[in-house]
Amino acid sequence: EGEGGYMTNALNSFTEMAKDVGFEELYALVMPMNESSQSLLKRGGFVQQGTIVKEDNRELLKFIKKLA
């Protein structure tokens, strides 16, 4: 078990598995008010890369992590 909470460990495990099977990058979409998920992604090495506006006009923040 790694350092951090359950979600930190889950994100780190998922990232490592994705890298092991050949993914070059991962992205996540997060609601602007969800600060805990944003913090988790930042701790996991994700960087915010702008926003996306959904069909219903909801804005989501886009986070990306390069694996290669």
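**View 1. Cover over the buried residues of helix H1.** In this predicted model, the elements that cover the buried residues of H1 include strand E1, helix H2 (35-43) and strand E3. The residues of H1 that count as buried are Thr8, Asn9, Leu11, Thr15 and Ala18. Residues three or four places apart on an α-helix point the same way, because such a helix has 3.6 residues a turn. H1 itself takes in residues 6-20, and its 15 residues reach 21 Å from the first C-alpha to the last, close to the 21 Å expected at 1.5 Å a residue. Just after H1, Gly22 adopts a positive phi of about 105 degrees.

**View 2. Pairing of strand E1 with strand E3.** Strand E3 covers residues 59-66, and its antiparallel pairing with E1 extends over 6 bridges. Glu25 has Lys66 as its bridge partner in E3, while the partner of Leu26 in E3 is Lys65.

**View 3. The hairpin of strands E2 and E3.** These two strands run antiparallel and are joined by 5 bridges; Gln48, for its part, is bridged to Phe63 in E3. E2 and E3 form a hairpin in which 5 residues lie between the strands, and Asn57, in the turn, has a positive phi of about 70 degrees.

**View 4. The protein as a whole, for orientation of the close-ups.** The protein contains 2 helices and 3 strands, which follow the pattern α-β-α-β-β when read along the sequence. Along its principal axes, the C-alpha trace spans about 40 × 25 × 15 Å. Of the 68 residues in the protein, 28% are buried, and the accessible surface comes to about 5,100 Å², with 51% of that area belonging to carbon and sulfur atoms. Among contacts between residues at least 6 apart in sequence, 49% join residues that are at least 24 apart.

Conventions
Residues are numbered from 1 along each chain as its sequence is written. This is a predicted model: local features need pLDDT of at least 70, side-chain atom pairs count only at pLDDT 80 or more; totals for chains, interfaces and linings use all residues. Side-chain values use heavy atoms; hydrogens and water are left out. Two strands pair if DSSP finds at least two bridges between them. Helices (H or I, at least four residues) and strands (E, at least two) are DSSP runs, numbered from the N terminus. The expected span of a helix is 1.5 Å times one less than its number of residues. Buried means under 20% relative accessible area, exposed over 50%, partly exposed in between (1.4 Å probe, protein chains only). Contact means heavy atoms within 4.5 Å. Accessible areas come from the Shrake-Rupley method with a 1.4 Å probe; for residues, only the protein chains shown count as cover.
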